[in-house]
Amino acid sequence: MKKFLALLAMASSFLAVSCNKNNDEDDDDQKQEEAQGLGIKIDGNFDDWAALKPGVVASAKNDANSPWEAVKEIRCCADKDFVYYYIKYGKSDLDDLLSETAEELPIRLCIDTNGDFSTGYTSYFLDAYDFIVEGGLASNGSFTAYDGNFYQRVDDKWNLLLAEGSNMVLGAGSGNEYEILLARELFNNAVSSDQKIGDVFYTGIRFYTDGGGTWAELSNMPNASVEEGDGNGWGHLLKVTTSK
Ligand SMILES: [Ca+2]
Ligand SMILES: [Ca+2]
């Protein structure tokens with residue numbers, strides 16, 4: 001936890017540096033950026049995502065044949081300390097959802113840490129996955145911070161590893177965009193040695209709604225129909241390679 005908090009402090013100092021950037025400071029900024037990994041700050045500003053180098057981010061757009069509308073795009077990238085997610089909703093879809101004040105925009109981050117798809121949950125994606133983080137993005141009609149419960153699939157049940165409040169995930173949004181950070185150290189401390197997040201891992205996101213007490217699927221991403229006879233529009237998980 002101490003290391004995690006120290007990293008957050010570093011992230012804050014990085015922001016201060018980037019706001020005062022000039023040509024003389026380019027070298028210093030470069031060093032700071034290397035120390036910071038990908039330099040994404042969870043602040044509801046998405047310029048940091050736009051500044052990422054090509055090839056760093058794995059992404060998926062809502063497939064034209066998917067039965068869903070609300071979520072348009074997800075992106076994911078990772079450095080040695082954190083995994084980052086970006087989510088883009090359709091503006092009018094999001095406004096409609098948030099107009100229901102009970103709507104929390106719950107999501108599940110679905111994660112396979114090692115590319116062994118022989119274990120885990122086999123629904124909603126074409127690849128089995130062992131872990132989920134589940135929490136809401138909204139409260140009282142607007143985006144809020146993200147928190148969630150962390151579960152592992154064991155014996156056909158979701159086994160709670162860390163309850164919400166663990167600080168393993170953070171999130172912030174504005175407009176119709178949202179960003180999430182997941183701290184690898186806290187994730188890896190909670191799982192067995194053979195299930196730690198590897199340099200290459202796989203992930204997807206399930207979106208659903210329980211506004212007004214009625215549960216409904218909003219989207220699964222990725223959702224491209226990649227296999228003949230798969231009528232659900234469910235796709236393979238995104239393959240993410242850690243930037244070093
Ligand atoms: Ca940001
Ligand atoms: Ca696995």
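Within strand 11, Ser174 has Glu177 as its bridge partner; helices (H or I, at least four residues) and strands (E, at least two) are DSSP runs numbered from the N terminus. The model is predicted: local features need pLDDT of at least 70 and side-chain atom pairs count only at pLDDT 80 or more, while totals for chains, interfaces and linings use all residues. Residues are numbered from 1 along each chain as its sequence is written, with chains lettered from A and ligands numbered from 1 in the order in which they are written.

Strands 10 and 11 run antiparallel and are joined by six bridges. Both belong to an open, antiparallel sheet of five strands, ordered 1-2-3-11-10, where pairing requires at least two DSSP bridges between two strands. Strand 1 (58-61) and strand 10 (169-174) lie at the edges with a single partner strand each, so one side of each has no neighbour in the sheet.

Tyr85 touches Ile74, Cys76, Leu109, Glu179, Ile180 and Ile205, leaving aside residues up to four places away in sequence (contact: C-beta atoms, placed from the backbone, within 7 Å).

As for confidence, pLDDT (the predictor's confidence in each residue, from 0 to 100) averages 85 over the chain.

Key
Two residues are in contact if their C-beta atoms, placed from the backbone, lie within 7 Å.
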